[in-house]
Amino acid sequence: MPISDIAAYARLSPADVEAIGLELDTVRADVEESLGAKDATYIRRAIAFQRTLDVVARLQIAGSRSRIGWAVGVVALAYAKAVENMEIGHNVSHGQWDWMNDPEIHSNTWEWDMMGPSAQWRYSHNYRHHVFTNVVGVDDDLGFGVLRVTRDQPWKPSDLWQPLRNLFLALVFELGIARHGYHSEAERAGSEDGRQAAKEAMLRKIARQTVKDYVVVPAVSLRRWRRTLTANATANLLRNLWSYVVIFCGHFPDGVQTFAPEVLKTETRAEWYLRQMLGAANFKAGPVLAFSSGNLCYQIEHHLFPDLPSNRYAQISVRVRDLCDKYDLPYTTGSLISQYLQTLRTNFRLAFPDSGWAAIRG
């Protein structure tokens, strides 16, 4: 059953809940007050690294004559795409770097290298997901409209195909994100004209990305266009799979809770914080894996402070974990492999009706 009383579930008094909120407000204030040149240097270096790697990877793909050289270029290009999508595009679009007042690195101007328009994604993700995290029937990210990820979602016969849908979603993840953003934007638009405008914006961005990756860039390679075309398709596939794994490990492992719509009626800022802590999961990562995942290995911290710079999440996580220990709150984390295997198990189990799974287990 979804949680309808967050404080009661966490066994906290109203005073405890407010104390937690005040401590987390202090964390936010401390980070905001300390932002400066080092943080600005971090994001500018991340962008420079990503762009340089992208160029080097494409030159490697175009210039290498061996399969190994081609594969090295493809992996490098896939990594450059992943960094652009998660550590840069995702985090810039959250407004994490708006404090710099740099028009290039601002949430309203950055257009990421993905099929979904940034503006549509900002609404579906920043608002629908981050404000209403894991509220059943409100947060569209609960299964992205194609998967049953909790027993709080009614089972349908079509869910029997869920494992295959899950695999397909992983393979075309950027297209899934584009579709997801469009549906949220179309629902917000309300009118037929608004929905049509949202659809056209999505189709224009999909066309632009398709032409860039599968027409223009291969054409520049002249006689080696097939090699470049295959490399771009493979790099996009690898980027899709990696982004999918990172996102699913932060939202659907064991221990992540869902909430009833009733919690929104009287929810305070402190209770919103609690919902974010209970509705997300981390995975263990060192600096390289953290950067490679857009620092979304710190999904709990990201949900608490989505607009604080991602390079601060490791620092913030120490204080958040201490706070969880202090109030005996769960801090859901584990290895990347463990977290992902849990999401696969849940995906398979929820493909069956709840009574049917119980019968299978005996």
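Which residues does Q153 touch, not counting residues up to four places away in sequence? I found L142, L147 and R148, with contact meaning heavy atoms within 4.5 Å.

**Basis.** I worked on a predicted model, in which local features need pLDDT of at least 70 and side-chain atom pairs count only at pLDDT 80 or more, whereas totals for chains, interfaces and linings use all residues. Residues are numbered from 1 along each chain as its sequence is written, and side-chain values use heavy atoms, with hydrogens and water left out.

**Entry 1: Q153.** I placed Q153 in the loop between helix 5 (118-129) and helix 6. Helices (H or I, at least four residues) are DSSP runs, numbered from the N terminus. Q153 counts as buried because its relative accessibility is 16%; buried means under 20% relative accessible area, exposed over 50% (1.4 Å probe, protein chains only). A polar atom of the Q153 side chain lies 3.0 Å from the backbone oxygen of L142.

**Entry 2: helix 6.** I listed Q162, N166, L169 and A170 as the buried residues of helix 6 (residues 162-171). They lie on the same side of the helix because they cover an arc of only 100° around the axis, the arc being that of the directions from the helix axis to the C-beta atoms. L164 and F168, on the other side of helix 6, are exposed. I then looked up the packing partners of the buried residues, which are helix 7 (173-189), helix 9 (225-251) and helix 14 (336-349).

**Entry 3: cavities.** I recorded two cavities of 30 Å³ or more in the structure. On a 1 Å grid over the protein atoms alone, a cavity is a set of points where a 1.4 Å probe fits but cannot get out, and lining residues have an atom within 4 Å of a point. Grid points are joined across faces, edges and corners, and a volume is the space filled by probe spheres set on the points.

The largest cavity holds about 220 Å³ of space. Its lining has 17 residues, and W112, W121, F173, I177 and I247 are the closest to the centre. At least two lining residues come from each of helix 4 (67-93), helix 5, helix 7 and helix 9. I sorted this lining into nine nonpolar, seven polar and one charged residues. Here Ala, Val, Leu, Ile, Met, Phe, Trp, Tyr, Cys and Pro count as nonpolar, Asp, Glu, Lys and Arg as charged, and the others, Gly among them, as polar.

The second largest cavity holds about 70 Å³. Of its 13 lining residues, V149, F248, F252, T343 and N347 lie nearest the centre. Helix 6, helix 9 and helix 14 are the elements that give two or more residues to this lining, and helix 14 gives the most, with four. By class, I noted seven nonpolar, five polar and one charged residues in the lining of the second largest cavity.

**Entry 4: positive phi.** Most residues other than glycine have a negative phi. I noted R11, with phi near 55°, in the loop between helix 1 and helix 2 (14-34). R11 counts as exposed because its relative accessibility is 79%. F144 also has a positive phi, of about 55°, and lies in the loop between helix 5 and helix 6. At 13% relative accessibility, F144 counts as buried.

**Entry 5: M1.** I found M1 in the segment before helix 1 (6-10), exposed at 90% relative accessibility.

Notes
Polar contact = N/O pair within 3.5 Å; in protein donor to acceptor, adjacent residues only side chain to side chain. 1 Å grid on protein atoms, 1.4 Å probe; cavity = no way out; pocket = protein on both sides within 12 Å on 5 of 7 lines; lining within 4 Å.
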